[in-house]
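The stops below run one after another.

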Amino acid sequence: MTDLNQLERDLLSQVDAAGDEAALESVRVSALGKKGSVSELLKTLGAMTPEERKERGPLINGLRDKVQGAIAAKKETLAEAALSARLSAERIDVTLPVQEAPESRGRIHPISQVIEELTAIFADMGFSVAEGPDIETDYLNFTALNFPVGHPAREMHDTFFLAPDEKGERKLLRTHTSPVQVRTMTSKAPPIRVIIPGRTYRHDSDQTHTPMFHQVEGLVIDKQANIAHLKWILEEFCKAFFEVDQVKMRFRPSFFPFTEPSAEVDIQCSRKGGEIRFGEGTDWLEILGCGMVHPNVLRNCGIDPDEYQGFAWGMGIDRIAMLKYGMPDLRPFFEADVRWLNHYGFRPLDIPSLVGGLTA
Ligand code: DAH
């Protein structure tokens, strides 16, 4: 017959010696688990005579209670020790400055921000956004837009050409967003009302020109779309974009092969002490080219010029970004200098909208 006192001493000293929860758990299993030493003893009660059971029952049950109690107490001690070890190992100095989270440290590039701003403004006027590839065919960049082969206007675009492909076709980096007008008109039936923001390329570099720059094209084709609509749209855009109550605009006659008549648009501004302000003053600043879409372009896109007409414009995004946010030089836009971006960039969650405000 098992010596209950001896077993009790053994088990209690094992409980006492358990250094962590895992060790304590294996003591518990060895004593109180299905095949544990105490559980085995409890099973013997069934086969005993009533007298034996009367004598041994309370002893064995008492042993089980004691071991259970010792294990519970030890468990608590171990948990307390683990907590105080953690508390003394992990220290937080609450006086240290808080580290900014990545989403508040990152910055949105002014060009991306300005594209969001102008998209919000034109979307409010019912425009959708169209896109096209940076690598274009000569046909879409020039010919379809009514630039005759050999016409001097082609030379003015300082085009980057790619090496001829196997069919001898020389692709190019689009020099303006206008080819997407053709892509839109050939893939979509009028009425059309789109803006086309995107990258454009010309062989040119100085303080206000970079080989890669950005334009936003606008195109409206409908049965009665006319110059008055164009003027109203551009005026509303400038007021919303530059956040002024009124802005005077000047339409100067100009030439583009794909519009007739064509104009360049200046907006009124004042320049005092190196600062440009809009909606006041006596100076003028050119911001875009525009005109009525040339009947040849409509025809090239399979649209009947006797039924449909429309207008288009092309505006330099980098230019209006520089003007709005007072950035004097265009080149740092594309130098990826984090110090410049920290200064001129925008917070990621300051998403421009007409209701929330374009500029934070
Ligand atoms: N594509 C012209 C350029 O880059 C800008 C332009 C002028 C676009 C008149 C137009 C337009 O859509 O109608 O110089």
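By class, the lining of the largest pocket has 17 nonpolar, 16 polar and 8 charged residues. Keep in mind throughout that this model is predicted.

**Stop 1: the largest pocket**

Select Arg-202, Phe-213, Gln-215, Phe-256 and Glu-286. These lie nearest the centre of the largest pocket, out of 41 residues that line it. The space inside comes to about 1000 Å³. Such space is found by rolling a probe the size of a water molecule over the atoms.

Now colour by element. Which strand gives the largest share of the lining of the largest pocket? Strand 9 does, with 6 residues. Strand 9 covers residues 283-293. Other elements that each supply at least two lining residues include strand 5 (212-222), strand 6 (249-256) and strand 7 (259-272). Helix 8 (152-155), strand 10 and helix 12 (317-325) also each give at least two.

**Stop 2: the second largest pocket**

Move to the second largest pocket, with about 440 Å³ of space. Select Ile-276, Met-322, Leu-323, Lys-324 and Gly-326. Among the 17 lining residues, these are the closest to the centre of this pocket. Two elements give two or more residues to the lining: strand 8 (275-278) and helix 12. By class, the lining of the second largest pocket has 9 nonpolar, 3 polar and 5 charged residues.

**Stop 3**

Select Glu-260 in strand 7. The unreviewed UniProt entry lists Glu-260 under "binding site". Is Glu-260 buried or partly exposed? Its relative accessibility is 48%, so Glu-260 counts as partly exposed.

The peptide bond from Glu-260 to Pro-261 is cis, with omega near -5°. Most peptide bonds are trans.

**Stop 4: another cis bond**

Select Pro-190 and Pro-191. The peptide bond between them is cis too, with omega near 0°. Pro-191 sits in the loop between helix 9 (179-187) and strand 4 (192-201).

**Stop 5: the aromatic pairs**

Show the rings of the aromatic side chains. The model holds 13 aromatic pairs. Start with Phe-122 and Trp-313, a tilted pair with 5.4 Å centre to centre and 35° between the planes. This pair links distant parts of the chain. Phe-122 is in helix 6 (residues 110-124), Trp-313 is in strand 10 (residues 309-316), and 191 residues separate them.

Next, select Phe-237 and Phe-241. Their rings are stacked, 5.5 Å centre to centre with 15° between the planes. Both residues lie in helix 10 (residues 227-242), 4 residues apart, or about one turn of the helix.

Ring pairs link Phe-122, Phe-127, Phe-237, Phe-241, Phe-242 and Trp-313 into a cluster.

**Stop 6: charges over rings**

Select Arg-170 and Phe-161. Arg-170 lies over the face of Phe-161, 3.9 Å from the ring centre. Then select Lys-231 and Phe-251. The charged end of Lys-231 sits over the ring of Phe-251, 5.0 Å from its centre.

**Stop 7: positive phi angles**

Most residues other than glycine have a negative phi. Two residues to check here are Asn-146 and Glu-243.

Asn-146 has a positive phi of about 75°. Look for Asn-146 in the loop between helix 7 (138-141) and helix 8. Is Asn-146 buried or exposed? At 19% relative accessibility, Asn-146 counts as buried, because the cut-off for buried is under 20%.

Finish on Glu-243, where phi is positive at about 55°. Glu-243 has its place in the loop between helix 10 and strand 6. Its relative accessibility is 43%, so Glu-243 counts as partly exposed.

Conventions: Residues are numbered from 1 along each chain as its sequence is written. This is a predicted model: local features need pLDDT of at least 70, side-chain atom pairs count only at pLDDT 80 or more; totals for chains, interfaces and linings use all residues. Side-chain values use heavy atoms; hydrogens and water are left out. Rings of Phe, Tyr and Trp (its six-membered ring) pair if their centres lie within 6.5 Å; planes under 30 degrees apart count as stacked, over 60 as edge-to-face and the rest as tilted. A charge sits over a ring if NZ of Lys or CZ of Arg is within 6 Å of the ring centre and within 35 degrees of the ring normal. On a 1 Å grid over the protein atoms alone, a cavity is a set of points where a 1.4 Å probe fits but cannot get out, and a pocket is an open set with protein on both sides within 12 Å along at least five of seven lines; lining residues have an atom within 4 Å of a point. Grid points are joined across faces, edges and corners, and a volume is the space filled by probe spheres set on the points. Ala, Val, Leu, Ile, Met, Phe, Trp, Tyr, Cys and Pro count as nonpolar, Asp, Glu, Lys and Arg as charged, and the others, Gly among them, as polar. UniProt positions are given in the numbering used here, feature names are shortened, and annotations may be inferred rather than shown by experiment. Buried means under 20% relative accessible area, exposed over 50%, partly exposed in between (1.4 Å probe, protein chains only).
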